[in-house]
Amino acid sequence: MMTFPTLDETFRISRLQHSGSKARMVLDTDTYNEIDDQFALTYALLSPDQLSVEAIYAAPFHNTRSAGPADGMEKSYEEILRLLDFLGWSADGFAYRGSTAYLGAERAPQDNEAVRDLIDKALASADDDPLYVVAIGAITNVASALLLAPEIIEKIVVVWLGGHNLNWPHSREFNLVQDVPAAQVLLDSGAPLVLVPCYGVTSHLLTTLAELNEFIGGTSPVGDYLCQIFKEYRPDSFGASSVIWDISTIAWLINSDWVPSDLVHSPLLTDQVTWSVDASRHFVRAANFVHRDPIFRDLFGKIRAYGGA
């Protein structure tokens, strides 16, 4: 059983109150899994007044768009490079490959360039300037870093899109269910955590191809690319919408009022992938809603401004 440093609860709660100042962050993303990660990555990089993005890490995933977690991570890394090229951003010393396998029941940490960079950046952080670790995929890379260097919990705040609303009957959400032991490591570690659930919370972040074409189509190569992948992902897009929930994590960092949240005891994630309650556990911050319109208005405005529209 891994032993983590014990954080004072007052300290942890203070970490979970967004300071309102510019946030230093890294983004951990299974970028090729769907289409919402691409929006989130773009949103982060086009928000330099509110966010200082220090690195992007490719996370593993396995679904119909990959042959396995290693292939999913590699495809995500390639997608990161593609987006950085659209945005005129150098990948050198900025984009890193992550885990090629999940922690699994053995809770064996993955050791790779993304995990090592995360540890290095966390440990180099000033005590009063935490590193925000924004994770929008399986939490394998982050859990691996926690297991290899437990002391980083004093230097980071994790913002994770994972699981469903805490009153949902189960939490078999894609990011969480891929690596349940990794999620348990995070939730049990005591690391300051902003949990951003999917169904019942960020599932409000719906948009349509017509809306995207109207507001970001033709504005820039990245705007056109986001429209293109939406159309390819939803070929039945006539009268249909898709949820772009990953942008909620970026939105919380930009303006936490857009993603209301509560302090709650860290949920206990059972092996049956359900939430259980234990009031003796440490506090985390859990989002309970998203204000859809200001988030999309901010995202679309930044893409249009970047493209000069």
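Q: Which residue of strand 12 does L195 stand opposite?
A: This is a predicted model, in which local features need pLDDT of at least 70, side-chain atom pairs count only at pLDDT 80 or more, and totals for chains, interfaces and linings use all residues. Residues are numbered from 1 along each chain as its sequence is written, and side-chain values use heavy atoms, with hydrogens and water left out. Strand 6 (residues 193-196) and strand 12 run parallel and are joined by two bridges, where strands are DSSP runs of E with at least two residues, helices are runs of H or I with at least four, both numbered from the N terminus, and pairing requires at least two DSSP bridges. Within this pair, the residue opposite L195 is A286.

Q: Which residue of strand 12 stands opposite V264?
A: Strand 9 (residues 261-265) pairs with strand 12 over five bridges, in the antiparallel sense. In strand 12, the residue opposite V264 is V284.

Q: Why is strand 12 largely enclosed by the rest of the structure?
A: Buried means under 20% relative accessible area, exposed over 50%, and partly exposed in between, with a 1.4 Å probe and protein chains only. Strand 12 (residues 283-287) is largely enclosed because, of its five residues, the number buried is four.

Q: What is the relative direction of helix 2 and helix 9?
A: Two packed helices are described by the angle between their axes and the distance between the axes. For helix 2 (residues 36-45) and helix 9 (residues 221-233), the axes lie 10 Å apart at an angle of about 160°, the axes being lines fitted to C-alpha atoms over the stretch in contact and the angles running from 0 to 180 degrees between N-to-C directions. Angles under 35 degrees count as roughly parallel, over 145 as roughly antiparallel, 65 to 115 as roughly perpendicular and the rest as oblique. The two helices are therefore roughly antiparallel.

Q: Which residues of helix 9 meet Q38, F39 and T42 in helix 2?
A: Contact means heavy atoms within 4.5 Å. By that criterion, Q38, F39 and T42 of helix 2 meet, in helix 9, V222, L226 and I229.

Q: Is V273, with its positive phi, buried or exposed?
A: Most residues other than glycine have a negative phi. V273, although not a glycine, has a positive phi of about 60°, and its place is in the loop between strand 10 (268-269) and strand 11 (275-276). Since its relative accessibility is 9%, V273 counts as buried.
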